[in-house]
Amino acid sequence: MKNLMSNSRAQRLTITMILSAVLSLLLGATTSYAESREFSAASQEALRLGERMYREGILPSGEPMQVSVKGGLSVPGMAFACSICHLRSGLGSTEGGEGGIFIPPTNGDKLFKPFKIYSLPAYNAAPLMPPQLDAKKQKIYQTILNRPIYTDESLAVALRSGVDSAGRTMKEVMPRYLLKDEDMKLLIAYLKSLSSEFSPGISDTTIRFATIISEDVSPEELNAFLVPLENFIRNRHETKYFNPLADIGSTGYRSRIMADATLKSSGPETRELSLSRWVLKGPPETWRKQLEEYNRREPVFALLGGITNGEWQPIHQFCEENR
């Protein structure tokens, strides 16, 4: 969850974006992790420790992970936590535009299955599937990498030495993590669980979002806030294909290519996006209960923005606790 807070004139305008830690857009899991195994207190603690390593680069001991980067330089792991590049969801991302670096998914659904990467002539790599593009566009794609499944052992080798499950040496941008066996087991266990639960607000046809509005926001400010957001949702329905060539260098390129590729990964049909308005009424101390009721009636994948003149803390706390 990321929160961006700003003030405009006399009013306090607050925007927040929630990114789910368990991103079910990476299809393939048929049951949730919670449903498929019993959680003991020990396993919950192990996942918590592995999550901290993945997100923050902190070992169970409280010390920073030690990381070796280009040139053999050893640096603290906080600056090279896995989530910085692979994202909290394990979705992966891209760095740069033309000639950029493709950062593959690190969630259990992708790591422990064969994985293919496709390339455009003007772009380094992208996990776009040619069968989902028209015949003309398929011709410009090439398969540049077939990666076998990982095992616990081969994944440990990849994390420590930068050699993937096919025996290829990864690029130097991939840090090498100097982990003891017990710490490595915790991290791998967390990667197996990452994005393994289906997220709320997602069906076979739709991904539901919501935005938060307090009833005291003026019509002018409400309009300025909602029009761009609702236009984006509406225009997304009209997008038949995502064209990386047309978007190289554009703002948001890093995550957009990954998101669009994932949205199309389930078959020929693209899920539609929907946006609900969660209108909060009355004093801020009553908002939390209202938010819980909205979420109970209509669970959403994420909250996209919000505008209010009141205290944002109840909303922030709700977002954090609901991930």
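Predicted model: local features only at pLDDT ≥ 70, side-chain atom pairs only at ≥ 80, totals over all residues.

Reader: What covers the buried residues of α11?
Author: The cover includes strand β11 (206-214), strand β12 (272-280) and helix α12. Cover is judged by contact, meaning heavy atoms within 4.5 Å. Residues are numbered from 1 along each chain as its sequence is written, and side-chain values use heavy atoms, with hydrogens and water left out.

Reader: Which residues of α11 are buried, and what puts them on the same side?
Author: Trp 287, Gln 290, Leu 291, Tyr 294 and Asn 295 are buried in α11. They span an arc of only 135 degrees around the axis, so they sit on the same side of α11; the arc is taken over the directions from the helix axis to the C-beta atoms. Lys 289, Arg 296 and Arg 297 are exposed on the other side of α11. Buried stands for under 20% relative accessible area, exposed for over 50%, and partly exposed for what lies in between (1.4 Å probe, protein chains only).

Reader: Why is α11 called oblique to α12?
Author: The axes of α11 (residues 287-297) and α12 (residues 313-321) cross at roughly 40 degrees and come within 9 Å. Angles under 35 degrees count as roughly parallel, over 145 as roughly antiparallel, 65 to 115 as roughly perpendicular and the rest as oblique, which makes α11 oblique to α12. The axes are lines fitted to C-alpha atoms, for helices over the stretch in contact, and angles run from 0 to 180 degrees between N-to-C directions. The crossing of α11 with α12 is right-handed, the term for a near helix turned clockwise from the far one by less than a right angle (left-handed if anticlockwise).

Reader: Which residues make that contact?
Author: From α11 come Trp 287, Arg 288, Leu 291, Glu 292 and Asn 295, and from α12 come Pro 314, Ile 315, Gln 317, Phe 318 and Glu 321. Five are nonpolar, two polar and three charged. The nonpolar class holds Ala, Val, Leu, Ile, Met, Phe, Trp, Tyr, Cys and Pro, the charged class Asp, Glu, Lys and Arg, and the polar class the others, Gly among them.

Reader: What makes α6 roughly perpendicular to α7?
Author: Helix α6 (residues 152-161) packs on helix α7 (residues 181-193) at an angle of about 110 degrees, with the axes 11 Å apart. That angle is the reason why α6 counts as roughly perpendicular to α7. Asp 152, Leu 155, Ala 156, Leu 159 and Arg 160 of α6 meet Asp 181, Met 184, Leu 187, Ile 188, Leu 191 and Lys 192 of α7. By class, seven of these are nonpolar, none is polar and four are charged.

Reader: Which residues of α6 are buried, and what covers them?
Author: They are Ser 154, Leu 155, Ala 156, Ala 158 and Leu 159, and their cover includes α4 (108-111), β10 (176-177) and α7.

Reader: What is the phi of Leu 87, and why is Leu 87 called buried?
Author: Phi of Leu 87 is near 75 degrees, positive in a residue other than glycine. Most residues other than glycine have a negative phi. Leu 87 lies in the loop between α3 (82-86) and β5 (93-95). Its relative accessible area is 18%, so Leu 87 is buried.

Reader: How do you know which class Ser 68 and Phe 232 belong to?
Author: Ser 68, in strand β3 (residues 66-69), has 19% relative accessibility and therefore counts as buried. Beyond its neighbours within four places in sequence, Ser 68 touches Leu 73, Ser 74, Pro 175, Arg 176 and Leu 178. Phe 232, in helix α8 (residues 219-237), has 48% relative accessibility, so it counts as partly exposed.

Reader: What share of the protein is buried?
Author: Buried residues make up 44% of the 323 residues, in a protein with twelve helices and 13 strands.

Note on methods
Helix = DSSP H or I, 4+ residues; strand = E, 2+ residues; numbered from the N terminus.
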